[in-house]
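Please have a look at the model first.

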Amino acid sequence: MDRTANDKLRGYRNKHDHRSMKDRRSREGDELRKDKLSRQDKEGEGREVDSKSQKQSTLQENNLNADVSNWGRSGGVYIPPFKLARMMKEVQDKSSVEYQRLTWDALRKSINGLVNKVNATNIKNIIPELFGENLIRGRGLFCRSCMKSQMASPGFTDVFAALVAVVNTKFPEVGELLLRRIVLQFKRAYKRNDKHQLLAAVKFIAHLVNQQVAHEIIALELLALTLENPTDDSIEVAVGFVKECGSILQDLSPKGLHGIFERFRGILHEGEIDKRVQFLIEGLFAIRKAKFQGHPAVRPELDLVEQEDQLTHEISLEEKIDPEITLDIFKPDPQFLESEKRYEELKKTILGEESEDEAGSDAASEDEDEDEDEDEEEDDENDDEEEDEQQMKIKDETETNLVNLRRTIYLTIMSSIDFEEAGHKLLKIKLEPGQEMELCIMLLECCSQERTYLRYYGLLGQRFCMINKVYQENFEKCFVQQYSMIHRLETNKLRNVAKFFAHLLGTFALPWHVLAYIRLTEEDTTSSSRIFIKILFQELSEHLGIRLLNEKLSDPSMQDSFESIFPKDNPKNTRFSINFFTSIGLGGITENLREYLKNMPRLIMQQQKPVSESESESESDESDDDEPKRSSGSESESESEQSSSSESDSDRDERERRRKKRRRR
């Protein structure tokens, strides 16, 4: 017991000593602080002046830091274009930082927009618009936009490379900056083993080599680096690179390309790679044997730069590269107006606006000289020509308005919750006369694209048919058009289209006389059209019921429209129609047709009887007409008989006389 009590006492003493040490240290620290404060108070006015200068310097540093932080921002909150233009007009001081920031945001947005919408067909139209922007000030923005767009869509790499090649002819520093950044991106991706980014960078470099923006040395260095320590991924990257730019390397550096293929052959002989990669290398050798057919260096529509006009940049993978990231960030320019004026002059020389203006002024002066010498008759002719030119209107035949209308209709249909909301929104769209058909086509197209039929489309089509008769007529045309091209549709699309029209017919939104376009015979139908008719009538029987459907089909006023579906012209076609509807489970609607087929022999006999009676009557009439002819003929015959009989009697008398004479002798 004494031992444990001593241990407890010892522990209490240790805790108490620890607390006392803490208190002592805190007291000493307080005393030191007080001494420092007293020393600072004794220093005097000199010290105060120094502290003020230090405060000013710290404030300046804080302001600089704030400016730098603002440089990295892209403008803060999104500003609509019209509001941005209004703000730029309201700024009176064109050299102020605010105006420079607004122009910077506008430049960034326009460059991004132009780069994002460029493709092989419109690149010739995009290039003048791109040169219209200040590419010297926004060269960093242009390079960043090209790299991001190429990363997002590698399939358009050759288009971006062609765009860079054209810009490089006028602004070589832009092409060099982009090449440096792409090479740096390749090196970083290679170190990080980022295959996706590596493939994109390699493809961009390959097409820049094809456009001769980059020298072929960088291509050989890149291949040597990837094949130095070969792995499956590095070999795959190298194979893709050679496919892209092997055609031009074969022309510019055949020995270097031969060395690369020898390295590929050595990797195949080693056999340490995956079979998939071996097949890639073998395919590459086959492409080389075919002289890279199917893998041209530059497509004809992207060959926009003459070889002597292109500037080629030599960059090595081993040298240090400065990406100049600060060019992507806004910085105020003290000589902003002067630089803008210089670029305007440069833009005129690039786009040829000066030459056009000069040509226009020369033409105007020549016209004035000619007008002085010309007579009044020629003046009148010129006036007539000018009036004709003013009356000439330019029509847009690219159908951009139609495409935009279809896009609007599609987005409205797909974004609506129910058919009522969709109908309300679609009715708000201003359609020109004749464009109602586009709405019907888009509605039917959206319905056919679904995996399964949605009643939403049928209700929407029913609503439009009920609202306006124009839509009803257009849906009739769509029915005829779809049935005529039904063999082109897949089974899923065919089912959706049939159910859509069955809904319109079942709700009586579409008149039933459209069924007259269907001719149900073995010769006039195909497998696709039979499936369409089957689904159509099965859906109608589900909507209406077999009794109501039979009543509708047996309506006397509609028999002309249903003659093609229930043919009575030929027993063969009648039997085919009966067998078809019986096979799909709708034999109940063919009762009238069965009775007609059953009574067909009797009807034929009945039809033949009046024909025979008419024939007999015609024969009797003919006999009555022939009687006087026969009487006259008989009289003539009797006369001839009498004459012939008299002649025969005279002959007989002569013969008898001759016989008597012979006997006497």
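Does Phe131 count as buried or exposed? At 5% relative accessibility, Phe131 counts as buried, where buried means under 20% relative accessible area, exposed over 50% and partly exposed in between, for a 1.4 Å probe and protein chains only.

The model is predicted, so to read it: local features need pLDDT of at least 70, side-chain atom pairs count only at pLDDT 80 or more, and totals for chains, interfaces and linings use all residues. Residues are numbered from 1 along each chain as its sequence is written, and side-chain values use heavy atoms, with hydrogens and water left out.The structure holds 18 aromatic pairs; rings of Phe, Tyr and Trp (its six-membered ring) pair if their centres lie within 6.5 Å, and planes under 30 degrees apart count as stacked, over 60 as edge-to-face and the rest as tilted. One of them joins Phe131 and Phe171 in a tilted arrangement, with 6.0 Å centre to centre and 45° between the planes. Phe131 lies in helix H5 (residues 123-132) and Phe171 in the loop between helix H7 (157-170) and helix H8 (172-192), so the pair ties together parts that are 40 residues apart in sequence. Helices here are DSSP runs (H or I, at least four residues), numbered from the N terminus. Phe171 also counts as buried, at 2% relative accessibility.

Phe131 is touched by Lys347, with contact meaning heavy atoms within 4.5 Å. Lys347 belongs to helix H14 (residues 336-351) and counts as buried at 14% relative accessibility.

Elsewhere, Phe475, Phe479, Tyr483, Phe500, Phe501 and Phe532 form one aromatic cluster.

Two charges sit over rings (NZ of Lys or CZ of Arg within 6 Å of the ring centre and within 35 degrees of the ring normal):

| Charge | Ring | Distance to ring centre |
|---|---|---|
| Arg288 | Phe261 | 4.4 Å |
| Lys568 | Tyr596 | 5.2 Å |

Conventions:
Helices (H or I, at least four residues) and strands (E, at least two) are DSSP runs, numbered from the N terminus. Lists of a residue's contacts leave out its neighbours within four places in sequence.
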